[in-house]
Amino acid sequence: MKIAILGGGPGGYVAAIRAAQLGADVTVIEKENLGGTCLNKGCIPTKVLLHTAEQLETINKDCREIGIDVNGAVINWKQLQKRKDKIIRKLVGGVDSLFKNNNITKIMGEGSFIGRNQILVKTIDGTNVTVDFDYAIIATGSKPVIIPLPGVDLPGVITSDEALSLSEVPKSMAIIGGGVIGAEFAEVYGTLGCKVTIVEMLPDIVANMDSDIVKTLKDKFIKSGIEIFTNTRVVSISKSAENLLVNTSSDTGEKSIEAEKVLLSIGRKPSTDNIGLEKLGITTVKGAVAVNKHMQTNVENIYAVGDCNGGVMLAHVASAEGVAAVESIMKKHPNIDFKTIPYCVYTHPELAGVGLTEEQARKKGYDIKTGVFPMYINGKAMIEAQTEGIVKYIADASTGEILGLHMSGLRATDLIVEGALAIRLEATVEEIISTIHAHPTVGESLLEAAHAVYGNAIHIPK
């Protein structure tokens, strides 16, 4: 069985390794770097910056509280950039080693379908290579959305790609879009001393997550000096005497926001141009490759995974889809449950959610109970001087089945896996309550919030 994979990001490289494990002859075609956006321009580099920002914030805010005197802590931006690049190289090199370990053929270049069983690759050294396959998986990822605004091409208007590697921390930045990407860059640059303003067209930032946990982050942003304008539309970008102006309109009137840099962070779109989809008659919807639940396109031997198929644009989803596609091809009947996708924001405090939000559950007609436990009561959060945040369950009132778990605060992005597993196993609140959680841990807050569903939280006064 010959499988060709177009793209070496989290969807493509995981699919390649799984296919090799199942005995396939695998070729991966990648035009830039193994690891795709996630390892090179997304998940990994942004979290490197976020980690340093969090450490600086802790030093400046909490060290005296926990008994350490530190004077004059400042950011070393050049060293941080070196560390970011070093981690990227190490992880990309790790993927390359895994390919060699699994006897996966790697071809660096741009691939395009020339038939239902062939891809033509224009390699980086200028030669053409034809790859024959029995099955192919499209895993070409996504790219930043550039809105057609007047002034969007002005110097100083950047995307997340450029925001990762600026030569220095700007004095001010206006961020157009308050979703996950915008919030994370607001956290980084706001903590490093940049004056940050977020402009969001929707009623709230990070609008896809439960509003109660988002409030924790929003309150922190405002307290730290980050300005947030919601229900606000950007009309244009223009030049001021020294900087840029983001010209906006809202129900309260028109306003211009001056900033040294303007970050466009209104999302990403599938990257499917120039790969020969039209030659095979592969169906697309607004640029996204249309697939069924097995990740199969309308062309029987072609599959598509990750951001390019227009589904949930998260690295861990791409990897899961890659496994599902390969196992479908190899007749292994994949059993991945896509109701258990965790959504994470790596700000300080962290946000994480899985399953239905309270609003979603009510819209679906569920009679629900909720349980909330505040982090400021948790002993481990006190010890670590990070008491912002809450844990919140959404449960079916009649059965107690857990429909959603949402968290803000310390370790949220790690602990959310308990909620994902609970939903996968159709667990009830009672089953969480009857599971012993270690003390002292932040994880105890999940137990307490489960008790709170029935009004019996041990450490919340009546």
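Me: Which residue with positive phi follows helix 4?
Reply: That's Asn103, with phi near 55°. Keep in mind that this is a predicted model, where local features need pLDDT of at least 70, side-chain atom pairs count only at pLDDT 80 or more, and totals for chains, interfaces and linings use all residues. Residues are numbered from 1 along each chain as its sequence is written, and side-chain values use heavy atoms, with hydrogens and water left out.

Me: What should helix 4 span, and how far apart are its end C-alpha atoms?
Reply: Helix 4 covers residues 77-101, so at 1.5 Å a residue its 25 residues should span 36 Å, and the end C-alpha atoms are 36 Å apart, which agrees. The expected span is 1.5 Å times one less than the number of residues. Helices are DSSP runs of H or I, at least four residues, and strands are E runs of at least two, numbered from the N terminus.

Me: Which residues in helix 4 are buried?
Reply: Among them are Trp77, Leu80, Ile88 and Phe99. Buried means under 20% relative accessible area, with a 1.4 Å probe and protein chains only.

Me: What covers them?
Reply: The cover includes helix 1 (10-21), helix 3 (43-62) and strand 3 (105-115).

Me: Switching to the open sheet: what's the strand order?
Reply: It goes 8-15-9-10-11, five strands with parallel pairing. Strand 8 (157-158) and strand 11 (227-229) are the edges, each pairing on one side only. Pairing takes at least two DSSP bridges between two strands.

Me: How many bridges join strand 10 to strand 11?
Reply: Three. Thr197 has Glu227 in strand 11 as its bridge partner.

Terms used: Buried means under 20% relative accessible area, exposed over 50%, partly exposed in between (1.4 Å probe, protein chains only). Contact means heavy atoms within 4.5 Å.
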